[in-house]
Amino acid sequence: MKYLKLMLAAVAVMGAGTSSGAFAIDLYVDTKTKHIFAEPGPDREPLGTYERVQGTPSTNALPAPEVERAGQPASGDRNARIKEKAERAQLVGKVESLEERFKESEKQFKLDKNGLQFETADKNFKFKIGGRIHTDYTHSSNDHFFRGGVPVQANDGAELRRGRLEFAGTFFKDWDFKSQVDFADNQVGVKDMFISYRGLDFAKINVGHQKQAFSRELQESSNDLMFMERSLMNVLNAPLVDRAIGVNLSSRGKNWTGQVGLFGESIDANNDSLDESWGTNSRITFAPLDEKTRIVHLGVAGNYRRPSGSGQLFGPSNGVRFRHETSHITNLFPIDSGALGNVEDVKMLGLEASGVYGPLSAGGEYTHSWIGRRNGLDSLSFHGWYGEAAWTLTGESRQYKEGKFHRVEPTRNFSFSKGGWGAWELAARIAGVDLNDGAFKAGEMKNFTAALNWYVNSNLRFMFNYDRILEIKDSPLVTASGGKPDDLNTFMFRSQIAF
């Protein structure tokens, strides 16, 4: 150990020096640089006082043999050597003790791909700082349309899609917290903000603002999705089963997970509602095959929600609105239900199936929503779905844990000097959503998305997406000649860092 070698070198210098008499010296170690000093100072700890015993010159740190000593009784020379050896042993013991303390402090403080982490020696208290930065650019072609006689087109440009700081920690081993704040659009928005209790053997309890228990695609982090935007199916999910304030009970076994939650509304202020809307949902997953490179995932979820007394269903606006924006920045909506009021309740069913085989992965989901109406209005039935497939060109497998998939971890990070190229992934997705039901026509749409993802290392990723409308009916958008907007192309790029 570098620190120990420095200490022993100091002892050797003391032992090898010449002197006509005994002297004492105080030694100090700098706790930051681990250098040794002969005087006190900031960040320096005393090692002790060490005495030089008189002796004849020597070429090494050990005392000369008795026959070479002059003017000293043999017993005195022997006692001096014993004393010097004892002092050296004492010094080495102190060095080793300090080394152990430094090692423990390094364990309690860590900076790696998971962010900045602290913990106490007994692991009762932990704290972590993480974050993500997603910077997007979008360009659309064939995007000149009319809506209600007014010209509209997709907005091209760049944006900070997500800029989040995350703080998480543990108190007294069993109590966790998570706080995630987003600064995108130059505004402050709260994402996750909850506390957890995991002192029970059979379950964990979350209380606060969190994701509801519905849909693998919605549950997975935006850091891990294969595509820059979630699928058309999310048109049905995001307005009703995204983050909300509530309580969630979750449990897991070797190859299964289960959640059930009771939720109010989102964290957005609601000052006009008579009471609040509420909902309950549950998600169960099962992995009959769960190996490192071979996975089969199955899932089912359900959701029920009732509006407030004044009609708010999930937030400050009355009713609910389903619509699809071609990307987060375009402000172009090929399908749009408008605000649906007079809602009695909403029932939802979700089905999931996915698999991984080496570098290949495939999966899909289906959501069906039934919307009950008041005042004699007909109930509505909508559905959405997607299917996706991916191939990791460099051979890595997607990671899976507790009912969710995570991004690819490169076998070899990108490096010009070491010859690594990171991980490369090709992905494709077809998705659809149907907001038409009988006389109610809010639009029906299918689209195709292709992606090329470059995982530079565990934290950095670049994403290239192409999206095209395959089929569309009853869109509020029309071309100049009155045609459908079915040849709209959207090109997207993202740089992502997450830790």
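1. Helices here are DSSP runs of H or I with at least four residues, and strands are E runs of at least two. On that basis the protein, a predicted model, has four helices and 27 strands.

2. Overall burial and surface. Buried residues make up 45% of the 499 residues. The protein exposes about 24,700 Å². Carbon and sulfur atoms supply 57% of that area.

3. Contacts along the chain. Take the contacts with a separation of 6 or more. Residues 24 or more positions apart account for 60% of them.

4. Helix 4. This helix spans residues 234–241 and is mostly covered. Six of its eight residues are buried. They are N234, V235, L236, N237, L240 and V241.

5. Aromatic pairs. A search of the whole structure finds 21 of them. One is formed by F416 and W421, and its geometry is edge-to-face. The ring centres are 6.3 Å apart, with 80 degrees between the planes. Both partners are exposed: F416 and W421.

6. Phenylalanine cluster. Which residues do ring pairs link into a cluster? They are F109, F118, F125, F127, F167, F171, F172 and F177. Among these, F125, F171 and F172 also contribute to a nonpolar surface patch.

7. The nonpolar patch. Its area is about 860 Å².

8. F172 in detail. This residue is found in the loop between strand 9 (157–171) and strand 10 (175–182). Is F172 buried or exposed? Its relative accessible area is 55%. The cut-off for exposed is over 50%, so F172 counts as exposed.

9. Arginines over rings. R323 lies over the face of F333, at 4.0 Å from the ring centre. R429 lies over the face of F227, and here the distance to the ring centre is 4.3 Å.

10. N331. The C-alpha atoms of N331 and Q153 are separated by 8.3 Å. Along the chain, these two residues are 178 residues apart.

Key: Residues are numbered from 1 along each chain as its sequence is written. This is a predicted model: local features need pLDDT of at least 70, side-chain atom pairs count only at pLDDT 80 or more; totals for chains, interfaces and linings use all residues. Side-chain values use heavy atoms; hydrogens and water are left out. Rings of Phe, Tyr and Trp (its six-membered ring) pair if their centres lie within 6.5 Å; planes under 30 degrees apart count as stacked, over 60 as edge-to-face and the rest as tilted. Buried means under 20% relative accessible area, exposed over 50%, partly exposed in between (1.4 Å probe, protein chains only). A charge sits over a ring if NZ of Lys or CZ of Arg is within 6 Å of the ring centre and within 35 degrees of the ring normal. Patches are made of residues with over 30% relative accessible area and no salt bridge: like charges are joined within 9 Å, nonpolar side chains (Val, Leu, Ile, Met, Phe, Trp, Tyr) within 5 Å. Accessible areas come from the Shrake-Rupley method with a 1.4 Å probe; for residues, only the protein chains shown count as cover. A salt bridge is a side-chain nitrogen of Lys or Arg within 4 Å of a carboxyl oxygen of Asp or Glu. Contact means heavy atoms within 4.5 Å.
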